[in-house]
Amino acid sequence: MGFFDNHGLSFRQKKALESDRTTDLLGIEKAAEEAKIPEVEGEKVTERSLQYGLEAAPSIGDRTISTFTREPRPAYAGIPTFLRTPFLEDVRRVGEYDVAFIGVPFDIGTTYRAGARFGPEAIRRISKLYTSYSYEHGVDLKESLHMCDVGDVFTIANIEKSFDQIYKAVSHVFAQGTLPVMLGGDHAIGYPCLRAIADNVDGKVGIIHMDRHLDLQEKDMDERMHTTPWFHATNIPNAPPENLVQVGIGGWQVPREAVKNVRKFNTTVITMGDIEKHGIDRIADIALEKAWKGAKAVYLSVDIDSFDSGFVPGTGWPEPGGFLPREGIQFVNRVASEGICGMELVEVSPPYDVSDQTALLGTRVISDALASMVKAGKIGKQFA
Ligand SMILES: [Mn+2]
């Protein structure tokens with residue numbers, strides 16, 4: 001007789017065991033699904049690591065371990081690229097890849113806290129924690145996509161000249177048929193990125209923009225700062241303001257000048273109150289309808305400050321009351337599953353970050369967007 005003899009009685013009894021409700025769980029379903037995902041690319045990585053990094057010392061029992069690490073293990077080692085993808089030194093070959101990660105270390109468009117020039121570096125570093133596999137998506141990005149990291153754009157201490165550099169970089173990648181994913185950088189980069197894509201699309205480009213702020217002024221302090229990208233982007237003839245949807249807007253940091261431009265240009269603004277009222281899925285449907293209306297492609301711009309400031313201390317203009325991480329990720333997944341022609345993740349400012357959590361959320365947003373595109377068959381090779 002033990003003191004635990006009367007513990008869990010209702011669950012121990014046969015009656016309670018008659019129905020096994022765990023069969024309904026996604027957690028069980030996804031574990032079964034994993035068996036269908038190939039591990040071909042993963043094995044190639046191990047092979048290369050042993051070849052280039054030499055076999056391990058004789059005392060090491062696990063013979064997949066090498067002397068010099070040339071693979072994702074251990075997470076604290078290695079020179080970081082985004083999600084451990086190969087660094088593509090010769091950017092002329094970018095067309096061989098489905099996806100290219102482009103660092104844009106630029107923060108001279110900031111109007112309060114700077115530091116986003118260190119965003120790409122921080123995002124790449126914390127992305128080392130991620131495998132290429134997502135349990136919930138049932139996707140291994142490495143098995144479905146050819147991805148590379150093309151390193152950083154050579155930005156300089158001049159906003160307009162840096163825009164020209166960013167424009168040229170993103171144009172080059174996009175024109176080769178490769179999905180450009182920009183690691184910002186402050187939000188001023190939205191304008192040259194969008195212009196690069198719009199110039200290479202034969203039709204209209206819609207924009208879905210997640211932010212607490214409108215970023216719709218013509219100028220700020222006499223320059224095209226990070227508060228201005230969508231004013232200029234929607235001046236591009238095939239990126240009209242009617243196809244700009246701004247989601248997550250609210251709080252006390254929206255200048256009235258920008259609001260006047262919402263009325264003037266007839267853009268679509270969805271506040272956090274709208275999201276409370278209608279829920280993420282319905283809001284995503286509304287955003288997709290507006291952005292895709294008559295458009296040939298849709299661009300996704302994610303300002304990390306669209307999330308509640310409690311989750312993103314490392315950003316230039318934190319504002320409470322934004323997306324909770326699960327809500328924002330759900331929105332991104334829904335949008336990406338329709339297909340996006342490019343995306344940017346901006347405003348991660350590592351000097352203000354705590355425990356890398358802002359950079360990590362940025363990594364998560366990008367990874368989920370790619371997985372959603374893969375699942376929906378919008379990018380990459382499909383396995384049987
Ligand atoms: Mn913002």
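Tutor: Start with a definition: two residues are in contact if their C-beta atoms, placed from the backbone, lie within 7 Å. Axes are lines fitted to C-alpha atoms, for helices over the stretch in contact, and angles run from 0 to 180 degrees between N-to-C directions. Helices (H or I, at least four residues) and strands (E, at least two) are DSSP runs, numbered from the N terminus. With these terms, helix α7 (residues 159-175) lies across β1, β4, β5 (179-184) and β10 (342-346), and runs at about 175° to β1. Helix α8 (residues 190-198) also packs on the sheet, where it touches β5, β6 (204-210), β9 (295-303) and β10, with its direction at about 175° to that of β10.

Student: What kind of model is this, and how are residues numbered?
Tutor: The model is predicted; local features need pLDDT of at least 70, side-chain atom pairs count only at pLDDT 80 or more, and totals for chains, interfaces and linings use all residues. Residues are numbered from 1 along each chain as its sequence is written.

Student: In what order do the strands of the open sheet lie?
Tutor: Eight strands run in the order β4-β1-β5-β10-β9-β6-β7-β8, with parallel pairing. Two strands pair if DSSP finds at least two bridges between them. Strand β1 (residues 99-104) and β4 have four bridges in the parallel sense, and F101 stands opposite D149 in β4.

Student: Why do β4 and β8 stand at the edges?
Tutor: Each of β4 (147-152) and β8 (268-271) has a single partner strand, so one side of each lacks a neighbour in the sheet. On average, neighbouring strands of this sheet are turned by 15° against each other, direction ignored.

Student: Why is I329 called buried?
Tutor: A residue is buried if 20 or more other C-beta atoms lie within 10 Å of its own, exposed if 12 or fewer, and partly exposed in between, with C-beta atoms placed from the backbone. I329 has 20 such neighbours, so I329 counts as buried. This residue is in helix α13 (residues 325-336). Leaving out residues up to four places away in sequence, I329 touches R364, V365 and D368.

Student: What makes R84 and D215 buried?
Tutor: R84 has 22 C-beta neighbours inside 10 Å and therefore counts as buried; D215 has 28 and therefore counts as buried. R84 is in the loop between α4 and β1, and D215 is in the loop between β6 and α9 (229-233). R84 is not a glycine, yet its phi is positive, about 60°. D215, also a residue other than glycine, has a positive phi near 50°.

Student: How do you know that the span of α4 is close to the expected one?
Tutor: The expected span of a helix is 1.5 Å times one less than its number of residues. Helix α4 (residues 40-53) has 14 residues and reaches 20 Å from its first C-alpha to its last, close to the 20 Å expected. Just after α4, L54 has a positive phi of about 70°.

Student: Which residues does a cis peptide bond join, with omega about -15°?
Tutor: That bond joins R73 and P74, and P74 is in the loop between α4 and β1. Another cis peptide bond, with omega about 10°, joins G184 and G185.
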